[in-house]
Amino acid sequence: MTTGQPASSDFDVVVVGAGYSGLYLLHRLRAQGRRVRVLEAGDGVGGTWYWNRYPGARCDVESVEYGFSFSAELDERWRWSERYSAQPDILAYLNTVADTFDLRPDIQLNTTVTSAAYDESAHRWRLRTRPSGDTDGGGADRGEELTAQFCVMATGCLSKPKVPDIAGLDSFAGPSYSTSSWPHEGVDFTGQRVGVIGTGSSGVQAIPLIAEQAAHLHVFQRTANYIVPAHNHELSEHDQGAEKLATRRRSGLDCPLGVAFEPTEVNAVPAMELSAEEREAEFERLWQRGGLVMMLAFPDLLLEGEANRAAADFLKSKIRTKVHDPSIAEILTPKGYPVGSKRLCVDTSYYETFNRDNVSLVDLTATPIDRVTPAGVLTGAGEVPLDALVLATGFDAMTGALTAIDIRGRGGVPLSRSWADGPRSLLGLAVAGFPNLFTVTGPGSPSVLSNMRLSIEQHVNWITDCLAYLAENGIAAIEATEGAQESWVAHAAEVAEPTVFPRGASWYTGTNVPGKARVFMPYIGGVPAYREACDKVAAEGYQGFELTRA
Ligand SMILES: Cc1cc2nc3c(=O)[nH]c(=O)nc-3n(C[C@H](O)[C@H](O)[C@H](O)COP(=O)(O)OP(=O)(O)OC[C@H]3O[C@@H](n4cnc5c(N)ncnc54)[C@H](O)[C@@H]3O)c2cc1C
């Protein structure tokens, strides 16, 4: 894999990030004969699956649907071990992708992109980097400058960890670990008193495994989440035969969430048109099936109102059947927000973990964290002594990795200023004022509300087809127009308006990051409608974009 590059290099396309998106982009762009360089901050490929190595980390879209669909050769080479594969398996898969298509020579690791500026006269981007380990500022001197006609940000929706705003965190005497940058050698909690702060998806996955190892586990919960079971199991050869894969992938293309789901007649009927028993039976069927498809139970489930409350009641009732102590069950019961407005978590033995003698739950709504001390965590109820601390405190989602780079478009305008009141983009693919720049699964696209593998493939195909069109037609620059961007932003907001999403306090709306504009960022119109909108733009000669001839 490339490490020491020449001080200055010029490319057709620079891609930032070597996760699912960056790997597939490189494969497609090289097939078009382009000179490409992928820049990656980590010292390995895999993105999410390179960084998030905490115990229990696994996908919550089923493995067979989370694998790329573009290559029969890859399908032949790879077998998934579980219905929801664990992080080491997914990381091994992405390394297999890199090897199968010989991607490594064009990937530069340990390289953090610090800035990207558009040169209007040359129609080119100028990027600056620093070696990833250098955080003291001196790294800028040891960085490089690269230029390229096109820049594709494959920087990930959940790749910029949120800095926890907890007083005294640095004063803790023991080790503290972040789920999003877990030590590669693993952590042994045997015999230790461990605290986990955060009960979102990562916390829900990590807590049962840490509890099995620690002498005592203290879970600090600010918000109880809605959780559905994974019902994880091993996969057989039959589960992932070519025919099965093809059927599931086809089904995913027609589903709003991009996952295989064969709706029954009941699923097309608004929940409140059914009797309570019929509704309950359908919730139970999907509970037994397991996974995120619970969100597809009824067409009105994600709208504000009675259907959503029925789903909430169902999920709450399950907590009471699993958790023995009614007072603990009550603390674990979500309150004050609708199902779906925060990311639904998928668990294995999460609730059962609270029946263990070595697990305590700290309700931070009743006794908030005052500060972290050298000896533990001080809450309103006193100090909890700890040997180790785990932070599962989430991400500055969707925009964090983009605004962390000093991206400047036409007239030197920074992206962070253009997005000060929330992100605005055309289809989550391009931003007015930033020619020749593309974002993979950017805000305004289904992204985190879909099977991201499917959305990534669709975006990469759209972007690379677009670049082919530009080359064929002698076009030097492409830029989203303000008008088209505003129409798309308005449409995305209109579609979201009746749903439970915009008013939820979640990372979907930026509420988890102090000072971040509160705007619902993904597109909730569903994968099929979104794909149609993208295809229409392309079929009409990139309608909504201004094209500048060379
Ligand atoms: C714990 C966890 C579980 C998940 N499970 C699922 C799931 O089951 N199903 C699903 O659909 N999605 C899931 N996701 C979302 C997941 O992020 C996507 O599925 C997918 O992996 C994203 O791929 P990507 O290449 O777009 O971004 P990422 O995998 O995030 O990769 C982005 C890469 O860009 C690099 N980068 C960022 N900024 C810079 C910079 N300035 N310079 C250089 N490099 C940079 C990062 O280091 C990173 O390696 C999960 C996310 C997390 C955190």
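Residues are numbered from 1 along each chain as its sequence is written. In this predicted model, local features need pLDDT of at least 70 and side-chain atom pairs count only at pLDDT 80 or more, while totals for chains, interfaces and linings use all residues. The pLDDT, which is the predictor's confidence in each residue from 0 to 100, averages 96 for the protein, and 97% of the residues score at least 70. Over residues 1-7 the pLDDT stays under 50, and the model has twelve contacts beyond four places in sequence for this stretch. Two residues are in contact if their C-beta atoms, placed from the backbone, lie within 7 Å.

The domain assignment gives domain 1 (10-160 + 396-549) and domain 2 (169-237 + 249-391); such bounds come from an automatic or database domain assignment. Between the C-alpha centres of domain 1 and domain 2 the distance is 28 Å. Contacts join 34 residues of domain 1 to 37 residues of domain 2. On the side of domain 1 that touches domain 2, the elements giving two or more residues are α3 (63-66), α14 and α16 (527-539). Helices (H or I, at least four residues) and strands (E, at least two) are DSSP runs, numbered from the N terminus. That side of domain 1 has 15 nonpolar, twelve polar and seven charged residues. Ala, Val, Leu, Ile, Met, Phe, Trp, Tyr, Cys and Pro count as nonpolar, Asp, Glu, Lys and Arg as charged, and the others, Gly among them, as polar.

Five strands form an open sheet in the order β7-β16-β8-β9-β12, with parallel pairing; two strands pair if DSSP finds at least two bridges between them. The edges are held by β7 (176-178) and β12 (359-363), each of which has a single partner strand, so one side of each lacks a neighbour in the sheet. Neighbouring strands of this sheet are turned by 20° against each other on average, direction ignored. Three parallel bridges link β7 and β16 (residues 388-391), and tyrosine 177 stands opposite valine 390 in β16. Helix α6 (residues 201-213) lies across β8 (193-197), β9 (216-221), β12 and β16, and runs at about 170° to β8. Axes are lines fitted to C-alpha atoms, for helices over the stretch in contact, and angles run from 0 to 180 degrees between N-to-C directions.

The ligand is surrounded by 37 residues, the closest being Gly17, Gly19, Gly47, Cys59 and Gly156. A residue is near a molecule if its C-beta atom, placed from the backbone, lies within 6 Å of it.
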